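Below is what I looked up, entry by entry.

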Amino acid sequence: MHRDDEGSKIGMWLFIFTEILLFGGLFIVYAVYRYNHPVAFKLAGEELDWVVGTVNTVILLISSMTIAMSISAIQKKNKKLALQLLYTTVILAVIFLVNKYFEWSLKFEHGFYPSSDVLQELGFGTILFFGLYFFMTGLHAFHIVAGLVFIGFIIYYVHHDRITHNNHQLLENGGLYWHLVDLIWIFLFPLFYLIH
Amino acid sequence: MNKENNHIVPYYVYFVVLGALLLLTAITVLITRVELGALNTAAAMLIATIKGLIVLLYFMHLKFDQKIYAIMVGLVMAVFFAVIVITFFDYLYR
């Protein structure tokens, strides 16, 4: 069967470029509103728990390493290690989502959710900050879920030897997607949780 | 066709890369705990950019792949940067 690994990889990168510009557009929206409402953004940012943000950053960075290592493992014909690394990636991704769930739940409990009464009273800048926070971290979490499905397929293919040491472009593409999710978080994290 | 795929990155490279990323994360958190005013944002963004470059070069294999991928990524970043500059020219001078 004809196979074009290089074409497959270019296709993945082109998709990643659309993702970069999608989130890039949102980062520009954030930058402009922050410029317009500096005090509200500073105060609203202090509402977020930087410890949870830091823990999730560490989790995503480690998961990026494990999926990158799984490519090396499959190239060295070590199927068992590759699968262990992929399962580790999945577990870390689920922990990230669980943290996100508790973080958002706490915000909801305190009355911070889109168009809540608490936000309406706090003014325009705070509404914008939390609108962007929920939309951007929500869209990012959605990408984590999509990545989990992607990695799920990859694990199935590795199990059935459809991804092997001389046919692993799908695994590499999954890795590229996962690193993109990591890359976006690297910028989301300081902008929402740290800067004030 | 598969020439580029034969490059196997040793495991230790990924451990070193993760160590560097975690160290930079710790530095970002510590820097933003200190009150530096506008410098906070600049420092945090600078470190985030360095972390992003490390992810692109090592995790996403740009360092080991054909140069065309790095060139494409560079072009997309240039477009993105241009849009940022144009947007802020509009907001600063309207």
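I began with handedness: a crossing is left-handed if the near helix is turned anticlockwise from the far one by less than a right angle, and right-handed if clockwise. Helix 1 and helix 7 of chain A cross in the right-handed sense.

I noted the ground rules. The model is predicted, and local features need pLDDT of at least 70, while side-chain atom pairs count only at pLDDT 80 or more. Residues are numbered from 1 along each chain as its sequence is written.

Next I looked up the angle. The axes of helix 1 (residues 5–36) and helix 7 (residues 169–194) of chain A come within 10 Å and cross at roughly 15 degrees. Helix 1 of chain A is therefore roughly parallel to helix 7 of chain A (angles under 35 degrees count as such).

Then I listed the contact (heavy atoms within 4.5 Å). Helix 1 of chain A contributes residues including Trp13(A), Phe23(A) and Tyr30(A). From helix 7 of chain A come, among them, Tyr177(A), Leu180(A) and Phe187(A). By class I found 16 nonpolar, 3 polar and 4 charged residues in this contact.

I turned to the whole chain. Chain A has 7 helices and 0 strands (DSSP runs, H or I of at least four residues for helices, E of at least two for strands). Its C-alpha trace spans about 60 × 30 × 25 Å along the principal axes. Of its 196 residues, 54% are buried (under 20% relative accessible area, with a 1.4 Å probe and protein chains only). Among contacts in chain A with a separation of 6 or more, 81% join residues 24 or more positions apart.

Conventions:
Chains lettered and ligands numbered in written order. Heavy atoms only, no water. Axes fitted to C-alpha atoms, helices over the stretch in contact; angles between N-to-C directions. Parallel < 35°, antiparallel > 145°, perpendicular 65-115°, else oblique. Nonpolar A, V, L, I, M, F, W, Y, C, P; charged D, E, K, R; others polar. Buried < 20%, exposed > 50% of the residue type's maximum accessible area, 1.4 Å probe, protein only.
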